[in-house]
Protein chains: 2
Amino acid sequence: MEQEWKQKLDQFRELNKKIKSYNEAVALMAWDLRTGAPRKGAAARAEALGMLSTEAFKLGTSKEMGELLASLNRPEVLEQLSDIDRRTVLDVQEDYDRSIKIPADKFQSYMVLTAHSETLWEDAKENSDFAGFEPNLTEIVAKTQEFIDYWGPRATRYDTLLHMYEPDLTSEKLDEVFGRLKARLVPLVEAIQASPNKPDTEFLNQLFDKGQQEKFGLFLLKEMGYDFEAGRLDESVHPFMIGLNTGDIRVTTNFIQDDVTSSIFSCLHEGGHALYEQNLNPELEGTPLATGTSMGIHESQSRFWENMVGRSRGFWEHYFKDLQQHFPQQFDNVTPEQFYRAVNKVENSLIRIEADELTYNLHIIIRYEIEKMLFNDNLSVKELPRIWNEKYEQYLGIVPPNDGVGVLQDVHWSGGSFGYFPSYSLGNMYAAQFANTIRKEIPNFDELIAKGEFTPIREWLTEKIYRYGKSRKPAELIKDITGEDLNPDYLADYLESKYKAIYGL
Amino acid sequence: MEQEWKQKLDQFRELNKKIKSYNEAVALMAWDLRTGAPRKGAAARAEALGMLSTEAFKLGTSKEMGELLASLNRPEVLEQLSDIDRRTVLDVQEDYDRSIKIPADKFQSYMVLTAHSETLWEDAKENSDFAGFEPNLTEIVAKTQEFIDYWGPRATRYDTLLHMYEPDLTSEKLDEVFGRLKARLVPLVEAIQASPNKPDTEFLNQLFDKGQQEKFGLFLLKEMGYDFEAGRLDESVHPFMIGLNTGDIRVTTNFIQDDVTSSIFSCLHEGGHALYEQNLNPELEGTPLATGTSMGIHESQSRFWENMVGRSRGFWEHYFKDLQQHFPQQFDNVTPEQFYRAVNKVENSLIRIEADELTYNLHIIIRYEIEKMLFNDNLSVKELPRIWNEKYEQYLGIVPPNDGVGVLQDVHWSGGSFGYFPSYSLGNMYAAQFANTIRKEIPNFDELIAKGEFTPIREWLTEKIYRYGKSRKPAELIKDITGEDLNPDYLADYLESKYKAIYGL
């Protein structure tokens, strides 16, 4: 009897490794499509990508997987398994239960559709041509609705999607959390707008050589401890981090000549994601646990490095001289303090990925509300540009001059990632809550940043978060580390304290 | 009945497309490993690559494939099939018959081994450390010997390997062809060595900016008609061309600061390979015929563009001014004629890929003889550096100072590609034989080159060779196009005529 489950465990591990190989191929194909694959190969590539995703999906829902789970997912076996094996069984079971409901042919046509769509979206964004992208997006939404039917709606149809990115998160909870956040941030934004004490950003209106931007991005990634022996930096339309295996965690950025801060902060952002995956327990390799535990926790790490570290006063006290060296003369008459203030200017703007960390949450709330309308209220895709523009006017007081900088600005929907956007604000909230604890446990936290000494901070994060990968649930992590559940007040406290100082309120 | 084979044909096409998707993933993983994948991910990558290759292999030897072939590969069905379908059935049958003899687990461990080995080889080459690579190479040779046993030896054990790269080629035929070639080339090389009229290459001994080399390489690829919408240029230790799908045919080169000609001619070389695959009949996409028909024919195209075109007087009469523009001042006192003579200097040298087109064949004959010894005479891998150095002394009068520029210089053996090297000289011979026919059919051939007008030449090659892909056998092509079988005299004629003029013999 004992012999039997041990053999099953070996087979289970092998099957997971096999699925992992497919996922690595799919991830590489996706990375390649976004970083420079030739356009004429995109159609055949999309077919190949869809086929391999489907094979991985078939393995994950195979009779063999079902039987292995039935053998291993029993109390008398689970209690004998190592922590990693037990968590793997439970994780795979969850995925199996969800995936088994989707017919393989539906899954394949969905994968092919979304693989094609990303290229179409790129073109549409470039040409501000929503009409050219609309039929595809309509099909993606329709197929997602179909999937919700297969999975079964949770509290609302949209909650089914939320759950995929942030386990057990509900729109009821999000409504509450976003509500508390808004109640404290809206007056803050208003006070800021009324303040005469605005940061000067004039000196950012220059052209910055792309090659030098790349060098500075590489430098910052090295400084934060990104391991280039286990990753690489490339350029793509939309910056992203992608893990191929635990020794190959890649980041991309986008060098914009007239906006040097864009690549700086996207390098810090994607670098934060990458530090999470580069510091996983290596024993997780080949298991589905070798990744972040949720999109929200993942985002907490990118936002932590981008904002709590990278937009802090200490960081620029230390690194401003390096920035000056990379762009000689261009910052001659600027002080570190001026630069710190400039990169923390609060402004109601159009583009989410370039928004300040305060109004950023409004960009997310807009998307959250629109996604709820799409899936709970059957909003037609055709209506998206109109609704988008209305909400930007309502929340931020500005209307996008075209859809390229409006509804088409983000890659997410072209890949079917509905329910993902709230993760960004969750990330902000988690990050602030973690930072509050770090400050207690590493009292010289700010001093370390001001010296560019990130090792103790990275080690703390590795010890508490990174090494576990997906083997601890988000709620478990936040409770274990901070002693309480998700609490939006930490983010509000952090933002109030920081921005009242900057704006002299 | 008719209905039945039509259904089988659809299934057969689908299965081939599926195999093609795996092959695309495997090719992308290989490209990525060679162009910049981080080292710490290489081990997991090798596992994934081995697994996916094995899956493709299993599909190609599956019961389903066997049954489909049994249904379709019958005279009464074949005669009703389109030319492409019929050729596909026959091609897949050949591959099936060969592959079915190898047990899947043997194939998988071989794929994992060779995937690991390439990284090991790179290190060994860099450090001139043959001992560090020897155990792996020994294992690769042993496994290849085992495969020869499974396939069954042809006329000799080595002939079994030759046949894989050049169908039906035998070592008996090669001995004869290489013999005839040697008989004419050796006296020519001797006369050249005795000539006082040597090209001046002093002006090549400069440092050339790598960024400018890249720009010039990109320029030349564009000029020859390489389609960057269906490919890209990257850097790798060993230049190569790889086809992912018919719309994605990539090339790489290696920028060497003190040797500008290396990247120039490897761009033309790999560009020649790429033109072949970029100009396939698009209807071949998804079939195993969407590739070159043999390594020899493939090499004929790379050698044609590199040597017949790129090392011609007319080419540099036209492009020397562009070279000068890319490297201002560096060629100020040089004439096109001097440059033409310099890039055609005959010299007994160490590195195959940098050898002139005359002695190049000696580099190949050395490898050919060593490979025969490895597989027919059980030469021990341990002996390779000694034998290598002896043969270089015997044939070229020089001894490599270390194994990095000796026996470790080529990537081929690390990937198990034994029997591949002769393709390079076959390529030279085919290229010269094709060029002889082109000159009759396009009388202003040399004039077109001197104007940089390659379209008529590329169209001729597409019409006669490229579009067919693997749907015509090499022997069929050479006979149909030139009216006779492979004849080494065309290469000897071409080389004699060209080099007698250069060296004033």
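In α9(A), I found Ser171(A), Leu174(A), Val177(A), Phe178(A), Leu181(A), Leu185(A), Leu188(A), Val189(A) and Ile192(A) to be buried (under 20% relative accessible area; exposed is over 50%, partly exposed in between, with a 1.4 Å probe and protein chains only). The model is predicted: local features need pLDDT of at least 70, side-chain atom pairs count only at pLDDT 80 or more, and totals for chains, interfaces and linings use all residues. Residues are numbered from 1 along each chain as its sequence is written, chains are lettered from A and ligands numbered from 1 in the order in which they are written, and side-chain values use heavy atoms, with hydrogens and water left out.

I looked up the span of α9(A), residues 171-194. Helices are DSSP runs of H or I with at least four residues, numbered from the N terminus. Its 24 residues reach 33 Å from first C-alpha to last, close to the 34 Å expected at 1.5 Å a residue (1.5 Å times one less than the number of residues). I noted a bend of about 30° at Lys182(A), taken as the angle between axes fitted to the seven residues ending there and the seven starting there.

I then turned to chain B. The end C-alpha atoms of α9(B) are 33 Å apart, which agrees with the 34 Å that its 24 residues should span. A kink of about 30° is centred on Lys182(B).

Next I checked cavities. I read six of 30 Å³ or more, a cavity being a set of points on a 1 Å grid over the protein atoms alone where a 1.4 Å probe fits but cannot get out. Helix α6 (residues 104-127) of chain A gives the largest share, three residues. Domain 1 (2-152) and domain 2 (171-503) of chain A both contribute to the lining, so this cavity lies between them; the bounds come from an automatic or database domain assignment.

Last, I looked at phi. Most residues other than glycine have a negative phi. Ser128(A) has a positive one, near 50°; this residue sits in the loop between α6 and α7 (130-151) of chain A and is partly exposed at 28% relative accessible area. Gln329(A) also has a positive phi, near 70°. I place Gln329(A) in the loop between α13 (313-326) and α14 (336-342) of chain A, and at 63% relative accessibility Gln329(A) counts as exposed.

Methods:
On a 1 Å grid over the protein atoms alone, a cavity is a set of points where a 1.4 Å probe fits but cannot get out, and a pocket is an open set with protein on both sides within 12 Å along at least five of seven lines; lining residues have an atom within 4 Å of a point. Grid points are joined across faces, edges and corners, and a volume is the space filled by probe spheres set on the points. Helices (H or I, at least four residues) and strands (E, at least two) are DSSP runs, numbered from the N terminus.
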